[in-house]
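Look over the sequence and structure, then read on.

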Amino acid sequence: MTVPSSREVTRLLKAWNLGEDDAFHQLVPLVYQELRRLAHRHMRKEGQGHILQTTALINEAYIRLQDLNQINWQNRSQFFAISAQVMRRVLVDFARSRKARKRGGGLDRITLNEEVLGTDGKNLDLLALDEVLERLSGFDARKARVVELRFYGGFSVSETAEALGISPETVMRDWKFARAWLFKEMFPQ
Amino acid sequence: MKRLDQVQELFERGLEVDPSELETFLDRACGSDTELKMEVMALVNSDRDSGGFLETPALDIEARKLAEERAGLQGTCLGDYEILEMIGEGGMGTVYRVLDLRLGEPRAIKVLPHELAEDPTCIRRFAREAKAAMGLSHPGIAKVFDVCEIEGYHFIVMELVEGNPVSELLSEGALPVEQLLEIAVGLASGLAEAHSKGVTHRDIKPANVMVCRGGGVKLLDFGLSKVSRKQRSSGLFDMSTESLTLPGAVVGTIDYMSPEQILNRGIDHRCDIFAIGTLLYQMATGRLPFTGGSVPDTLDRICHRHPYPIARFSPEASDRLEVIVRRCLQKNPEDRYQSMELLLSDLKRVRAGDVVPTGEASGRQSNGSARSILYGVAAVVSLLLLLALLWKLAFD
């Protein structure tokens, strides 16, 4: 499976900015493809239920991207950055409504605390993370973007570097620092 | 040097230092700036404690929690229904075996997926379709008892059908003719009843047809096919995303579609007749009449290719069955059986060993439909181009 060619995406973005509505409709499937590629990358030994949920999340992200046709995307990097932002939005919204159901329904026997205390990464509270990430963004926007691209968008180090126009080394440094900072804020000693 | 850069630099250097010497190192590096020291110290410790923090992608975390939530209903109660176990999962919802605590009766419930349950249009359609299905009472149709919303969960309460879906029987290949005819007659009589009440199924496929443990056939999931989120995106892309999803997630929903469903034309009870034809063909031969190597190919075959004769794959199948299937699979609804009753009586005749009238009694032979076929071809060509593009994008 290949990444949508950079030239193709850039060409479509330009055409779209020049007022060719058709270009947008060609562009959206490319984003969808990109999201699916990322999902494949993450799809490991998980069960059928997990696969169905992943598909549902990606479909949601895709539908929202369709609604984004007012934005003037300039190039491929920006385009991928926006994919990551949309994915973040979708995941946070899903986490929020799931939590509301849990509170309202009282059906789940897992307590809320368990979710908040999940420091192992697999059980992370995406709502709490979203809040601290906003704070990080307040004083170091680039580091927050790195987290957004890697953690929500699922992009590799080199793709993140390309999207932000910085070196892979800088991505790694930002990532390491942001990770420690976010952890410190979420789980104070 | 900016404060932040200073913190980052000390953090990186601190990571290199042996933990027992960190404090000494920071005392020296920060001098009297204890705030700086505390911050860097906390960051270095965080890094050491953080384990797998942010290593699992967010998409994975949320997908797993949603999946767990679905399975997590087990052992709880929704209103008067105690949820005993999950017995099935599909795009349209999760099915559980439940106990109706008021009546002490076993039941099945199908819970609408959350992503659909958050859409008000979808909920309304769900309730409307379920209510239409509640009006049906026939041994060939799994009874729908109720449609409920409890604690944010939307679900329908159905008869619990114990048995094997035809999809399971088909995994071993073609079915013996007697069994095929039993299933076909049971299915057609249930559908004849539904059609007489003005309810069409629209999603007949082997997974929805149950061969009951105690004998007989029951059709599941009446009306649910209309609940999908078509209103949110174009019908075309909706369908293609469904079949383009990750392998195994959604199984072959297009294989039983009629040409008019694909072309998004007027759909009536005759699309169920087409779907039965597809199912009959599959039960007789062990293969689908119109399956291609890709989605566009399959759609093309459904809309304007004729299947190979059944006899090519199962020589023992009777000519009479061949005639019935061929009539069901006509591209133009006008050329098919015009009612489920007519199909049912032909099927019964074959079962009884009678000769099926091959002529004009049951359905009008093709004429006057050339123009609509031409329109159809034009629509299919444009649709195929689009799908081919999507297909290429998704799998290149």
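**Labels and the values behind them**

Tyr153(B) is found in strand E6 of chain B, which covers residues 153–158. The model is predicted.

Q: Why is Tyr153(B) counted as buried?
A: Its relative accessibility is 6%. The cut-off for buried is under 20%. Tyr153(B) therefore counts as buried.

Q: How far apart are Tyr153(B) and Leu112(B) in sequence and in space?
A: In sequence, 41 residues separate Tyr153(B) and Leu112(B). In space, C-alpha to C-alpha, they are 7.2 Å apart.

Q: What makes up the secondary structure of chain A?
A: Chain A has nine helices and zero strands. From the N terminus on, its elements run α-α-α-α-α-α-α-α-α.

Q: What is the reach of helix H6 of chain A, and what is it set against?
A: H6(A) spans residues 126–139, which is 14 residues. From first C-alpha to last it reaches 21 Å. At 1.5 Å a residue, 20 Å is expected, and the reach is close to that.

Q: What caps the N-terminal end of H6(A)?
A: Asp125(A) does. One of its side-chain oxygens lies 3.0 Å from the backbone nitrogen of Leu127(A). The limit for a polar contact is 3.5 Å, so a distance of 3.0 Å falls within it.

Q: Which residues of H6(A) are buried?
A: Leu126(A), Leu127(A), Leu129(A), Asp130(A), Val132(A), Leu133(A) and Leu136(A) are. Across chain A, buried residues make up 55% of the 189 residues.

Q: How much of the accessible surface of chain A belongs to carbon and sulfur atoms?
A: The share is 49%, out of about 8400 Å².

Q: Which members of the largest nonpolar core touch the most other members?
A: Phe222(B), Ile276(B), Leu280(B), Met283(B) and Leu347(B) do, in a core of 66 residues. Helix H8 of chain B, residues 177–196, gives the most to this core, with 10 residues. Domain 2 (58–158) and domain 3 (163–359) of chain B each supply at least three residues.

Q: What does Leu347(B) touch, leaving out residues up to four places away in sequence?
A: Leu347(B) touches Leu181(B), Ala184(B), Val185(B), Ala188(B), Leu280(B) and Ile324(B).

Q: How many residues are in the other core, apart from this one?
A: That core has 56 residues, among them Ala95(A), Phe177(A), Leu10(B) and Ile61(B). In soluble globular proteins, nonpolar side chains tend to be buried together.

Conventions: Residues are numbered from 1 along each chain as its sequence is written. Chains are lettered from A and ligands numbered from 1 in the order in which they are written. This is a predicted model: local features need pLDDT of at least 70, side-chain atom pairs count only at pLDDT 80 or more; totals for chains, interfaces and linings use all residues. Side-chain values use heavy atoms; hydrogens and water are left out. Helices (H or I, at least four residues) and strands (E, at least two) are DSSP runs, numbered from the N terminus. The expected span of a helix is 1.5 Å times one less than its number of residues. Buried means under 20% relative accessible area, exposed over 50%, partly exposed in between (1.4 Å probe, protein chains only). A polar contact is a pair of N or O atoms within 3.5 Å; within protein, one must be able to donate a hydrogen and the other to accept it, and residues adjacent in sequence count only if both atoms are side-chain atoms. A nonpolar core is a set of buried Ala, Val, Leu, Ile, Met, Phe, Trp, Tyr and Cys residues joined through side-chain atoms within 4.5 Å. Domain bounds come from an automatic or database domain assignment. Contact means heavy atoms within 4.5 Å. Accessible areas come from the Shrake-Rupley method with a 1.4 Å probe; for residues, only the protein chains shown count as cover.
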